[in-house]
Amino acid sequence: MDDPNLHKNKIFQKRLSERQKLVKQLLSHGHIKSDIVKHAMEKVPREEFLPLEQKPYAYSDRPLPIGKGQTISAPHMVAIICESLSLKEGMKVLEIGTGFGYNAAVVAEVIGETGKLYSIERVESLHNIAKETLIRTGYSNVNLVLGDGTLGIPEAAPFDRIYLTAAAPYVPETLKNQLNAGGKILAPVGEIDLYQELILMEKISDNEFKTFNLGGVAFVPLIGEHGW
Ligand code: SAM
């Protein structure tokens with residue numbers, strides 16, 4: 001019979017090489033643009049943020065089910081989120097929709113130890129799994145909150161960046177108000193369970209925003225007071 005440690009090591013090496021291959025693909029497709037995002041995606045093991053039966057598909061570039069009708073975002077979407085927000089080391093960031101915590105781990109890696117990441121999830125079982133996984137993979141400094149992300153975290157605001165990983169009918173004012181001047185918010189906005197546009201808003205002053213449409217996407221719905 002195979003030595004179990006040898007078997008584990010073989011799987012680890014296989015996933016590492018699949019991860020490197022995927023990062024190369026994301027670079028060649030232009031989804032990854034910066035070294036900082038490249039390094040983060042090379043480092044975070046996506047398989048750790050998946051249910052057992054989905055682990056073999058960790059490095060296929062697509063969303064995967066994580067239970068409770070929710071998904072882990074596709075790696076190219078995680079890269080697009082990081083790059084379009086121009087994340088930098090030391091930033092204070094708010095994520096709405098933790099899921100199993102993969103996107104949070106990549107962002108935590110990008111903003112580094114001097115950065116601060118908060119992430120809100122409304123489904124308790126997902127929040128608990130994300131907490132356990134982020135601690136196990138070395139990202140215990142991510143501040144995880146259970147609740148309605150459409151309300152943001154007023155007591156931790158203002159943030160340099162806010163991003164939503166669930167589709168909203170509009171960009172919630174509550175969240176726009178929790179951005180720093182010069183800050184950016186990214187949200188999929190559009191039809192529930194259908195098709196949305198990825199909207200990036202840059203806060204110029206208290207009530208002035210520049211808006212950019214980054215193109216079509218498909219996300220699970222944002223459920224909450226300022227969602228669906
Ligand atoms: N960020 C995740 C990742 O790493 O792939 C993606 C998670 S999934 C696409 C979107 C998540 O948003 C789901 O886990 C869902 O439960 C959560 N969600 C939906 N509405 C929410 C709300 N109002 N507040 C917090 N989380 C919400």
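Student: In this predicted model, what makes Gln196 and Phe219 count as touching?

Tutor: Contact here means heavy atoms within 4.5 Å. Gln196 meets that with a set of residues beyond four places away in sequence, among them Ala167, Pro188, Gly215 and Phe219.

Student: Why is Gln196 called buried?

Tutor: Its relative accessibility is 1%, and buried means under 20%, so Gln196 qualifies. This residue belongs to strand β8, residues 196–205.

Student: Now the aromatics. How many aromatic pairs turn up in the whole structure?

Tutor: Two. One of them joins Phe49 and Tyr102: the ring centres are 6.0 Å apart and the planes stand at 65°. Centres within 6.5 Å make a pair and planes over 60 degrees apart make it edge-to-face, so that is the label here.

Student: Where do Phe49 and Tyr102 sit in the chain?

Tutor: Phe49 is in the loop between α2 and β1, while Tyr102 is in helix α4, 53 residues apart. Phe49 has a relative accessible area of 0% and Tyr102 comes in at 4%; the cut-off is under 20%, so they count as buried.

Student: And what makes Tyr118 and Phe159 edge-to-face?

Tutor: Their planes are at 75°, with the centres 5.7 Å apart. That angle is over 60 degrees, so the pair is edge-to-face. Tyr118 lies in strand β4 and Phe159 in strand β6, 41 residues apart. Tyr118, at 14%, is buried, and so is Phe159 at 0%.

Student: How do you know that a charge sits over the ring of Phe159?

Tutor: The charged end of Lys92 is 5.6 Å from the ring centre, where the distance limit is 6 Å. Arg46 likewise lies over the face of Tyr102, at 5.8 Å from the ring centre.

Student: Why is helix α4 described as largely enclosed?

Tutor: Because nine of its ten residues are buried, including Tyr102, Val106 and Ile111. Just after α4, Gly112 takes a positive phi of about 70°.

Student: What makes β6 and β7 paired strands?

Tutor: Pairing takes at least two bridges, and β6 and β7 have four, in the parallel sense. Arg161 and Lys184 are bridge partners. β3 also pairs with β6 over four parallel bridges.

Terms used
Residues are numbered from 1 along each chain as its sequence is written. This is a predicted model: local features need pLDDT of at least 70, side-chain atom pairs count only at pLDDT 80 or more; totals for chains, interfaces and linings use all residues. Side-chain values use heavy atoms; hydrogens and water are left out. Helices (H or I, at least four residues) and strands (E, at least two) are DSSP runs, numbered from the N terminus. Buried means under 20% relative accessible area, exposed over 50%, partly exposed in between (1.4 Å probe, protein chains only). Rings of Phe, Tyr and Trp (its six-membered ring) pair if their centres lie within 6.5 Å; planes under 30 degrees apart count as stacked, over 60 as edge-to-face and the rest as tilted. A charge sits over a ring if NZ of Lys or CZ of Arg is within 6 Å of the ring centre and within 35 degrees of the ring normal.
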